[in-house]
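Here is a short report on one structure. Take a look at the model first, then read on.

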Amino acid sequence: VIRAIDTSAPNTKYVAIKLLRHIDVMSEKDLKAVADQELAMLNLVNRRDPKDKYSCVRLLDNFEDKDLLCLVFESLELNLRELMHQYGRNIGLN
């Protein structure tokens, strides 16, 4: 996941881009199936929680660049490692 600036938005904002790439143990066909499944699930979450009542990360867009599928998410204040360190130290998270 990389952090980027979305300059196409009316107000310039940060986004998080998850890059899904081909790995040796996964064929291109398998990667496409996994990526399609992940996109379907993320779109379902967005549709089922339009008012962000359950605080799930929001998928904003997706695109392909070379051999990468790129999923664009809202950029959250903390990444998972920081969240675990701040709130879940020695006890985990619910």
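## The largest pocket

The largest pocket is lined by 17 residues. Ala16, Leu76, Leu78, Asn79 and Leu80 lie nearest its centre. A pocket here is an open set of points on a 1 Å grid over the protein atoms alone, where a 1.4 Å probe fits, with protein on both sides within 12 Å along at least five of seven lines; lining residues have an atom within 4 Å of a point. The volume of the largest pocket is about 610 Å³, taken as the space filled by probe spheres set on the points, which are joined across faces, edges and corners.

The model is predicted: local features need pLDDT of at least 70, side-chain atom pairs count only at pLDDT 80 or more, and totals for chains, interfaces and linings use all residues. Residues are numbered from 1 along each chain as its sequence is written, and side-chain values use heavy atoms, with hydrogens and water left out.

## What lines the pocket

At least two lining residues come from each of β1 (2-6), β2 (13-20), β4 (68-74) and α2 (80-87). Of these, α2 gives the most, with three residues. Helices (H or I, at least four residues) and strands (E, at least two) are DSSP runs, numbered from the N terminus.

By class, the lining has nine nonpolar, two polar and six charged residues. Asp, Glu, Lys and Arg count as charged; Ala, Val, Leu, Ile, Met, Phe, Trp, Tyr, Cys and Pro as nonpolar; the others, Gly among them, as polar.

## The sheet

Four strands form an open, antiparallel sheet in the order β1-β2-β4-β3. β1 and β3 (59-65) stand at the edges with a single partner strand each, so one side of each has no neighbour in the sheet. Strands pair if DSSP finds at least two bridges between them.

β3 and β4 pair over six bridges. Asp65 has Leu68 as its bridge partner, and Phe63 has Cys70. Two residues separate these strands in their hairpin, where Lys66 takes a positive phi near 55°.

## The nonpolar core

Which residues make up the largest nonpolar core? The 10 are Ala16, Leu20, Leu31, Ala35, Leu39, Leu42, Leu59, Leu69, Leu71 and Phe73. β2, α1 (28-48) and β4 each give two or more. The largest share, four residues, comes from α1.

Such a core is a set of buried (under 20% relative accessible area, 1.4 Å probe, protein chains only) Ala, Val, Leu, Ile, Met, Phe, Trp, Tyr and Cys residues joined through side-chain atoms within 4.5 Å.

Terms used. Buried < 20%, exposed > 50% of the residue type's maximum accessible area, 1.4 Å probe, protein only.
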